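Here are a few friendly notes to read alongside the model. Take them one at a time, and keep the picture open as you go.

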Amino acid sequence: MQNFNIEKSTLLYSESIKYISGGVNSPARAFRSVGGNPIFIKRAKGSKIYSEDGIEFIDYVCSWGPMILGHAHPRIVKTLKNIIEDGTSFGAPTDIETKLASLIVKMVPSIEKVRMVNSGTEATMSAVRLARGFTGREKIVKFCGCYHGHGDSFLIKAGSGALTLGVPDSQGITKGTASDTIVANFNDIDSVKTVIKGIENQVAAVIVEPIAGNMGVILPENGFLESLSKLTEDNGIILIFDEVITGFRVSKGGAQQLYNIMPDLTTLGKIIGGGLPVGAYGGRTEIMDYIAPDGPVYQAGTLSGNPLAMHAGYETLLALSEEGFYEKLEEKSKMLEEDISENSEKLGIKIQYNRVGSMATLFFSENRVKDFTSATNSDIEKFKNYYHLMLKMGIYLPPSRFESTFISSAHSEEDIETTVKANYEALNLLK
Ligand code: KE4
């Protein structure tokens, strides 16, 4: 274990909590569920992040998903350097917005038209408003443990940081709003049929993470997404795939391409900004034409389609479109899964390693983790101890068992080997 002295981070945290709520600009970054204080990061390059204390980590958070090319990728840095002197925001249309939009339309099977926003939350909020405007209906269905950003309609039985902090139902949500959100169970199509029974014609949309990432990674059981697609189609309900994590992560066309399911609307974020603030929502033209200025559903944003973010996103999508990108990512992701699974078998520590492509979660559980209940039954104490053992060995994981780890194209085989060695040592100490 390297000299793990985080005095500088601790000092910076004592300063940040004076001015920033919780000392962080997003609760997911607080170390509340694992204990200790957050590490302050000074810079990053490729698969590594460097703390203010001068500690190097192999990064498996990847900014919670966006950095699929790794940090400070030369293509992104060069692009931003080239354009920054031309101005940063105009509040008027630019050619690069059309270029990125057309690339998204080309790559994501169900998207015919798209609207850019500034975050995944804005994308999901707008997609639900659009579904309500298009159908004239008010109810929405979400899944317990799924997270769709911090829009009021979604902070009911929410995952990610809300679940991590034990507040899946946020305060500040009006009874009226909450009453329009119906909660079903992921991977349980009968629970969806039950909760909408008799009110099918009041339901505007079902929103789902096609691969859950915010309870930790939970794969869709065979037939679940197909049944959801049929149920929504049969009842005139808009099916929204929230692909803020899975979009361009699990394949060029996201989860909808991987599972060959066509949602009515798709929300995107993270990767399409290449590390700058971006979100997007898109779908069939007949639905997307309902958005202002063409249609009656209003949505707007000062910095939507910001040129810096558009260029960073465009270069990112071009890079991941290159031949063999996902195959190489799959090789490294598979190697990590197999070697960690081998470690756990050798040491007799029961884990579940849920993975799709380069997104994965290691659960300390005897049983398969296939839904919210089995995810929350995983061993939190073991996770906390594992987390800090790995951190001290220079492996930076998300500080929550309800998040996904990510591998970038910058992660080397050496990084994977180092991680597997650290995993072996950590599991051995947990025995
Ligand atoms: P943002 O508003 O954070 O850009 O996106 C919201 C969102 C929407 N949909 C899904 C499936 C998401 O996972 C997210 C945000 N993801 C969390 C981590 N799982 C962001 C981390 C944070 O909140 O700091």
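This is a predicted model: local features need pLDDT of at least 70, side-chain atom pairs count only at pLDDT 80 or more; totals for chains, interfaces and linings use all residues.

1. Some side chains can be followed atom by atom. In Ser26, a polar side-chain atom sits 2.5 Å from an oxygen atom of the ligand. Asp242 has a side-chain N or O atom 2.7 Å from a nitrogen atom of the ligand. For Lys270, a polar side-chain atom lies 3.0 Å from a ligand nitrogen atom. As for cover, the ligand on its own has 540 Å² of accessible area, and the protein covers 87% of that.

2. Next, a pair of helices. Two packed helices are described by the angle between their axes and the distance between those axes. Here, helix α3 (residues 95–107) packs with helix α11 (residues 307–320) at an angle of about 35°, and their axes are 9 Å apart. The crossing of α3 and α11 is left-handed.

3. Which residues meet between these two helices? On the α3 side they are Ile96, Glu97, Lys99, Leu100, Leu103, Ile104 and Met107. On the α11 side they are Pro307, Met310, His311, Gly313, Tyr314, Leu317, Leu318 and Leu320. Sorted by kind, the residues of this contact are eleven nonpolar, two polar and two charged.

Key. Residues are numbered from 1 along each chain as its sequence is written. Side-chain values use heavy atoms; hydrogens and water are left out. Axes are lines fitted to C-alpha atoms, for helices over the stretch in contact, and angles run from 0 to 180 degrees between N-to-C directions. Helices (H or I, at least four residues) and strands (E, at least two) are DSSP runs, numbered from the N terminus. A crossing is left-handed if the near helix is turned anticlockwise from the far one by less than a right angle, and right-handed if clockwise. Contact means heavy atoms within 4.5 Å. Ala, Val, Leu, Ile, Met, Phe, Trp, Tyr, Cys and Pro count as nonpolar, Asp, Glu, Lys and Arg as charged, and the others, Gly among them, as polar. A polar contact is a pair of N or O atoms within 3.5 Å; within protein, one must be able to donate a hydrogen and the other to accept it, and residues adjacent in sequence count only if both atoms are side-chain atoms. Accessible areas come from the Shrake-Rupley method with a 1.4 Å probe; for residues, only the protein chains shown count as cover.
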